[in-house]
Amino acid sequence: MGLTRVSGLLFGGDYNPEQWPEHVWDEDVRLMAEAGVNMATVAVFSWSRLEPRPGEYDFGWLDRVMDLLHANGVAADLATATATPPPWLVREHPEVLPVDAAGTRLDFGSRQGYCPSSPVFHAATVRLARAMAERYRDHPALAMWHIGNEYADHTLECFCEESAEHFRRWLRGRHGSIDGLNAAWGTSCWGQHYTAFDQVNPPRKAPGPVNPAQLLDWRRFCSDALLECFELERAVLREVTPDVPVTTNFMSILHGLDYWKWAAAEDVVSDDAYPDPADPSSHVAVALSYDLMRSLRRRPWILLEQASSAVSWREVNVPKPPGMMRLHSLQAIAHGADGAMFFQWRQAKYGPEKFHSALLPHGGTAARGWRDTLALGADLRRLAEVAGTPTEAHVALVLDWDSWWGLEAPESMPSNRLRLKELMQAWYGPLHAAGVAVDLVPPLGDLSGYRVVIAPNLYMCTAEQAAWLGAFPGHLVVGPFSGVVDPDDQVHEGGAPGPLRGLLGVTVDEFWPLPDGTVQPLRLGGRAVPARTWAEWLRVEDAEVLARYEGGDLDGQAAITRRGRATYLGCLPEDVTPVLREVLEAAGVEPVATVPEGVEATRRGDHLFLLNHTTDPVKVDLAEPGTDLLTGRDLNGLTEIPGRDALVLRLASPGTRRTNEGER
Ligand code: GLA
């Protein structure tokens, strides 16, 4: 069973017919059919057109759109249209609009102009979601519900009094009593002792650094508050259309929302991704977020939005050169997506996104982009059999939002240079280059099937999490500045690595952040490998020393240690490849395929994806014969892949494979 009732891979994009006169719609659906579009995301920002006055609906135009789509073989990812409240709502109830940390209420005129805690907003979204669900429950085009849009893109938080009240209720739930909150927030510092919840506010703009524990709870609350908005609508949709899957489009690896929690609340994981064509390594960064999307529910997901060429929101919006749009689409499929969709179908004539590329460019069917659209549609049809196939990985990276929020608190850390995404990439980059498949796991997630678990950073770590890592029978790698604080951001007794001390056999005597542009030399496996950004003065209690600093302030001190199968890095080596190579070898982890630099290899079921991200042709020695689904050629041995091109091989002798239909 696919993610939706549409078979094969999904292809299409956001469709905003209300921006065009109706006669254009006929051309739209004719061209969609020509390109093989099988899904369109509709009505994302249509609230003001669907409910022009309170409780007065105008569904006529959307009925005609839905009928046209269906008649042309296009299924609808139908939005509940609640991503932007209409002018009448915010004029009648200005309190719906969000307030920033300095107390300024933002005005109408963009999108996502809502306070996530507003009961007026909630009631209005639920009413519209119900009206939409009842209107389209039996429409044959309806294949999936799309709630909101890129939650937290513009509005992650609101500092109004309604939000403050909501935050206080949330805090009562978490801490039970005001004394509980005082203890958790360490309010004895800087004289912040509260005697009642109504004295507690969101972390509004204050004279100096705000209590980091307050900020941490605020981050948790903001993710939960938006999730409540999503869940309120989902409850209505589940009631009226229990068989229609529900999604909301994620924003790759987003600091603001705990996607482990969010993914558990939806039926289908979908993502929007915009790798920058100007960045030659953007395909590596985006691969990590694709692996996260697949890992969130351990099953295929949908790339719901990407750009066919340039976006419109960077300082300089570089277009995608020939081949890149196809390659990026294939890359998402290679990492477990069951669809490659776009923002948007027809390039806009007006508004902030009029220069954003689209499947059907301003230049119409004569444009280069349209030819690419037709070609991609044909390619995705050739890959239909890939839909639903699983990915197997033996290496897992730990990602925890609580820890991330703690780590990146402003103004109170030993160094502001430790950024979680960069710490993750430091490990993911070499794994990706080596062609090793990677999953992501949350703390306390199921580790069965993995041989190597890497926690690039677990600043926040509980005794339970330490026991979870300790019980893992494979090879464990823990990055620096881990096991530092508990869930209230309070330093563990005895310092880092706190509950991980027994497992790692070391204690951090002192953090040793390195000034920008400097290095702390160390010797690793006979090679000089500088550490940058971060080092630690370690006391080794019960571990062997794999690498020592050589020269500099830490000369002779332990830099990397190992106790049993647990490796600890008290620093950030410029390149972790030597550590990784050794651990992978000891764990018996094999790459998906041996590939030259710039070529990405992934496997889904019996299909091997080889993607050449360089502009030059490369030769790959195929270990097994197979049929390239893109060209129909039978291939074996040394095979050339042109620049920015790919092979998708159905292997002739499929190996044993594990299915991952169930969730971990
Ligand atoms: C996201 C949004 C879209 C659009 C694009 C532009 O994907 O969901 O509405 O703004 O970004 O890149």
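Figure 1. Residues with a heavy atom within 4 Å of the ligand are Phe45, Arg111, Asn149, Glu150, Asn249, Asp272, Tyr274, Glu305, Trp313, Phe343, Glu353 and His356. Polar contacts are pairs of N or O atoms within 3.5 Å; within protein, one atom must be able to donate a hydrogen and the other to accept it, and residues adjacent in sequence count only if both atoms are side-chain atoms. A side-chain N or O atom of asparagine 149 is 2.8 Å from an oxygen atom of the ligand. For glutamate 305, the distance from a polar side-chain atom to a ligand oxygen atom is 2.3 Å. An N or O atom in the side chain of glutamate 353 is 2.3 Å from an oxygen atom of the ligand. On its own the ligand has 310 Å² of accessible area, and the protein covers 98% of it (Shrake-Rupley method, 1.4 Å probe; for residues, only the protein chains shown count as cover).

The model is predicted: local features need pLDDT of at least 70 and side-chain atom pairs count only at pLDDT 80 or more, while totals for chains, interfaces and linings use all residues. Residues are numbered from 1 along each chain as its sequence is written, and side-chain values use heavy atoms, with hydrogens and water left out.

**Figure 2. Helix H1, residues 22–35.** Helices (H or I, at least four residues) and strands (E, at least two) are DSSP runs numbered from the N terminus. The 14 residues of H1 reach 20 Å from first to last C-alpha, close to the expected 20 Å (1.5 Å times one less than the number of residues). Val24, Trp25, Asp28, Val29, Leu31, Met32 and Ala35 are the buried residues of H1 (buried: under 20% relative accessible area; exposed: over 50%; partly exposed: in between; 1.4 Å probe, protein chains only). These buried residues line one face of H1, because they fall within an arc of 165° seen down its axis (directions from the helix axis to the C-beta atoms). Their cover includes strand E1 (10–15), helix H3 (60–71) and helix H12 (368–382). Glycine 36, with a positive phi near 80°, follows H1.

**Figure 3. Histidine 175 in helix H6 (residues 161–175).** Histidine 175 counts as buried because its relative accessibility is 14%. Its side chain makes a polar contact of 2.7 Å with the side chain of aspartate 217. Neighbours within four places in sequence aside, histidine 175 is in contact (heavy atoms within 4.5 Å) with Gly180, Leu181, Ala184, Trp185, Asp217 and Asp488.
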